[in-house]
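Dear colleague,

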Amino acid sequence: MSALARYARALTPDAYASLHRVLDAGSPDERHTALFLAVTRRDLTAVADALTDPLLRRRALSAAIHLPVAEPALTQLALGPVAAARRDTYRIVRLSGRKSLADRLLPLVHERFGSREAALLLPACSAATVTPWLPRLDPTRGVLHALARTAPLALARLIAARCPTATGHHRHRFVRSHRALAGLASQRDPDAGLLLLQADPDLLPGRALRDLLRHPEQFLSVLRAAPPNPDGSPREVRLPAGPLPPATRRALRALPPAELADLARHCPASGTRRGRHERLDVTPDGLLALLPAAERDTLVAQRVERRRAIWGTPLSSLAALDPPDRTRLIQSLLKRTRRDLAVCRFATVLPLDEGEPLLRAITERHRSHLRALAWPALLACAELEGDPDHFVRVATECERAWHDQEEVRQAALRQLAGAPARLLAVLPNRVLRDATLTTVQSRDSTRHTLSAAETLLRRVIHIAAAGPDEGRAAYAAELLPRRRRSTFTRTRPTAAHQREDGGSHMGRHHTAHPRP
């Protein structure tokens with residue numbers, strides 16, 4: 001096609017007109033070739049004529065995205081009797097950015113074909129036109145998603161206007177069905193996000209709320225103006241746990257200390273539900289971390305006192321406290337219950353020298369589900385401590401978890417695979433070898449456990465390849481093929497693995513034979 005295009009550009013005007021006339025009167029393939037020549041030479045008259053030809057219409061419309069085809073030709077097609085051609089024209093008008101043409105077509109399409117047809121043209125219109133027309137039409141879900149990108153503020157006004165009319169169960173369904181739209185509109189336009197925050201904070205997902213914190217003054221003013229809860233407490237918005245983006249932190253540090261503390265009071269961290277195949281995240285709350293230590297301690301203590309159950313306290317809020325304040329508050333929580341589940345949860349965010357004895361006692365329990373909670377909690381506690389030496393010691397002692405039941409092995413591997421890069425960089429090769437080979441050669445390992453082992457190895461390879469230790473990357477890469485073998489196929493370790501630690505550990509645990 002490139003050779004044909006060069007040939008078309010090299011033709012003289014008379015030669016092109018003669019060739020186009022002959023091809024346009026030939027077979028369907030020749031007519032398509034004639035249209036290609038016209039597009040290459042930017043023959044707008046020929047392209048406009050092709051818009052009325054059923055055989056050439058689709059290719060001519062595609063060419064109209066980049067060529068300045070006359071608007072009357074597109075108007076004739078958009079108001080024509082063929083529904084498929086009209087909708088293709090709406091799409092071309094939107095993709096080519098002809099907003100003024102779409103604004104003029106919208107009343108005509110509504111008058112001739114109704115509100116459902118006119119709604120399909122809304123994404124092609126300007127935001128000033130969408131705002132008065134959107135409440136009058138009946139847009140589909142796909143049109144609303146397109147408007148979230150082209151006219152987010154108009155969509156936010158529509159959602160905010162419809163939200164107060166829903167009550168009870170209907171309101172819950174409305175919020176769930178419109179949360180994705182609200183999040184996309186907020187991402188496109190902060191003013192749309194602030195409007196939705198004022199209408200109902202539940203409409204916005206956690207990521208959208210965190211993005212709106214880049215405008216902390218407007219965010220705080222909306223929360224202050226919101227009516228209080230039925231019990232008289234101020235309105236709160238739950239932010240997702242974890243660190244804040246650098247731009248958000250810079251905007252928050254520009255606030256006066258009193259307003260920053262008030263914002264943190266209105267925005268507690270949400271409690272994360274840990275799924276079966278998810279790791280335990282103990283990243284400190286980014287908003288609380290910006291406050292002075294005394295204010296952090298007071299604010300978290302007030303939140304703990306307001307909760308009836310101790311399970312509702314997010315670990316990210318406790319992890320943001322200084323170690324002495326964290327120890328004092330968690331010890332007061334553990335006085336209310338000594339159940340293993342509660343100890344396993346709160347000992348995760350204790351300093352390692354205090355949380356390790358509690359968690360190691362639970363790793364000795366008879367029930368496998370308690371051990372499956374205790375080993376990841378111990379790794380998370382070492383991860384929160386941040387000392388590479390302590391983390392290496394704890395990871396090395398996880399050898400018992402690798403040889404435990406499947407659920408224990410999977411939970412520990414998943415937690416280790418998600419550790420920070422600076423801690424994985426100092427992980428000994430012996431830990432990688434023991435964890436990988438034991439997982440592969442265990443008959444009860446599932447695909448989730450094998451996937452966690454592969455994630456661990458790939459992260460170690462990327463970290464080592466980015467640094468000077470190429471030998472470590474090669475060692476981890478040599479372990480990767482064992483991940484892809486069948487779980488029920490036992491293989492002897494290679495010479496490279498036997499050289500590590502003299503091969504004594506390998507011979508004790510991994511000498512095996514093919515399954516009969």
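T449 is buried: its relative accessible area is 0%, and a residue counts as buried when that value is under 20%. Please note that this is a predicted model. T449 belongs to helix α30, which covers residues 447–466. Once its neighbours within four places in sequence are left aside, T449 is in contact with E406, R409, Q410, L413 and T439.

Is H145 buried or partly exposed? With a relative accessible area of 27%, H145 is partly exposed, because the range between 20% and 50% is described in that way. H145 is located in helix α11, formed by residues 141–150. Not counting residues up to four places away in sequence, H145 touches L181 and L184. Of these, L184 stands 39 residues from H145 in sequence, while the C-alpha atoms of the two are 8.1 Å apart in space.

The largest nonpolar core has 152 residues, and the members that touch the most others are L121, F219, L263 and L416. Helix α24 (residues 368–385) gives this core its largest share, 10 residues. To see the surroundings of one such member, select L263: leaving aside neighbours within four places in sequence, L263 is in contact with L213, P216, F219, L220, L223, L252, L255 and L287.

The aromatic rings deserve a separate remark. How many aromatic pairs does the structure hold? The number is 0. Charged groups do, however, sit over rings. R136 lies over the face of W133, 4.0 Å from the ring centre. Likewise, the charged end of R345 is placed over the ring of F346, at 5.5 Å from the centre of that ring.

Finally, some values describe the protein as a whole. The protein has 33 helices and 0 strands. It comprises 516 residues, of which 48% count as buried. Among contacts between residues at least 6 apart in sequence, 65% join residues at least 24 apart; the contact between H145 and L184, with its separation of 39 residues, is an example of such a pair. The protein exposes about 25,200 Å², and carbon and sulfur atoms supply 52% of that area.

With kind regards

Terms used:
Residues are numbered from 1 along each chain as its sequence is written. This is a predicted model: local features need pLDDT of at least 70, side-chain atom pairs count only at pLDDT 80 or more; totals for chains, interfaces and linings use all residues. Side-chain values use heavy atoms; hydrogens and water are left out. Helices (H or I, at least four residues) and strands (E, at least two) are DSSP runs, numbered from the N terminus. Buried means under 20% relative accessible area, exposed over 50%, partly exposed in between (1.4 Å probe, protein chains only). Contact means heavy atoms within 4.5 Å. Accessible areas come from the Shrake-Rupley method with a 1.4 Å probe; for residues, only the protein chains shown count as cover. A nonpolar core is a set of buried Ala, Val, Leu, Ile, Met, Phe, Trp, Tyr and Cys residues joined through side-chain atoms within 4.5 Å. Rings of Phe, Tyr and Trp (its six-membered ring) pair if their centres lie within 6.5 Å; planes under 30 degrees apart count as stacked, over 60 as edge-to-face and the rest as tilted. A charge sits over a ring if NZ of Lys or CZ of Arg is within 6 Å of the ring centre and within 35 degrees of the ring normal.
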